[in-house]
Amino acid sequence: LSTKANILRALEMLENALHLEASLLFVYQKDTLLLYNENEFIKSAFRSKEIFPFRANPSISEVEVTASTCFVEKRPFSQDSVKLNGTTYTLFSVLITEERGGKPIGNLMLACEGSKELMPLLPAIQTFNEMLSFILLLQSKKEGLEKLHTEVSTENLGFDKTLNIITQLKVQESIEN
């Protein structure tokens with residue numbers, strides 16, 4: 001399975017194990033948040049999968065405001081109450097950081113109805129968070145290598161370095177010229 005499919009499956013398992021309404025995974029970009037997953041809660045709380053916390057927008061939901069605040073302040077964790085469609089939810093947010101550098105790379109937000117207390121589960125959530133950090137960094141490295149491979153392979157279509165000869169494409173091109 002792809003890395004993304006594994007992450008989405010892990011988030012579903014977390015939701016079921018902790019009896020959550022939803023889990024939301026945000027990946028931090030330079031000055032935006034990108035929603036990684038999608039579920040019914042996300043569809044009702046967000047207008048778009050990309051959030052711009054530095055742009056003024058009066059029509060955003062309380063959930064988007066909370067996500068933006070966590071991004072701007074780089075909160076290690078927070079617990080907020082929000083109303084969405086007449087229902088009160090507790091949003092428990094945990095910052096995802098690189099293992100070595102401590103650089104923030106995302107945020108895991110857990111949503112549950114009412115005022116369910118998730119603080120006793122913080123050690124388990126932190127462990128899950130560390131695994132997410134590792135997988136997200138691994139996926140980032142994989143995407144970077146694939147991009148580099150594509151760039152290098154398109155640059156050298158005319159020469160096979162392994163055999164140290166020109167390729168059939170280059171020979172055909174030379175004949176046509």
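Tutor: A network of salt bridges links E38, E40, K43 and K49. The term stands for a side-chain nitrogen of Lys or Arg within 4 Å of a carboxyl oxygen of Asp or Glu. The model is predicted, so local features need pLDDT of at least 70 and side-chain atom pairs count only at pLDDT 80 or more, while totals for chains, interfaces and linings use all residues. Residues are numbered from 1 along each chain as its sequence is written, and side-chain values use heavy atoms, with hydrogens and water left out.

In total, the structure has seven salt bridges. Side chains of opposite charge can pair when their charged atoms come close. R75 takes part in a bridge with E73, where the closest N and O atoms are 2.9 Å apart. R75 also meets D80, with 3.3 Å from N to O. With a relative accessibility of 19%, R75 counts as buried; the class covers values under 20%, exposed means over 50% and partly exposed lies in between, for a 1.4 Å probe and protein chains only.

The pair to follow is R9 and E12, whose closest N and O atoms are 3.4 Å apart. Both residues sit in helix α1, residues 3–18, at a separation of three residues, or about one turn of the helix. Helices here are DSSP runs of H or I with at least four residues, numbered from the N terminus. An α-helix has 3.6 residues a turn, so residues three or four places apart point the same way. R9 is partly exposed, at 46% relative accessible area, and E12 is partly exposed as well, at 42%.

The length of α1 can be checked against its residue count.

Next comes the buried side of the helix. T3, I7, L11, L14, E15 and L18 are the buried residues of α1. They cover an arc of only 120° around the axis, which means that they lie on the same side of α1. That arc is taken from the directions between the helix axis and the C-beta atoms. On the face turned away from the buried side, α1 carries the exposed residues N16 and A17.

Past the end of the helix, H19 follows α1 with a positive phi, near 55°.

Note on methods:
Helix = DSSP H or I, 4+ residues; strand = E, 2+ residues; numbered from the N terminus.
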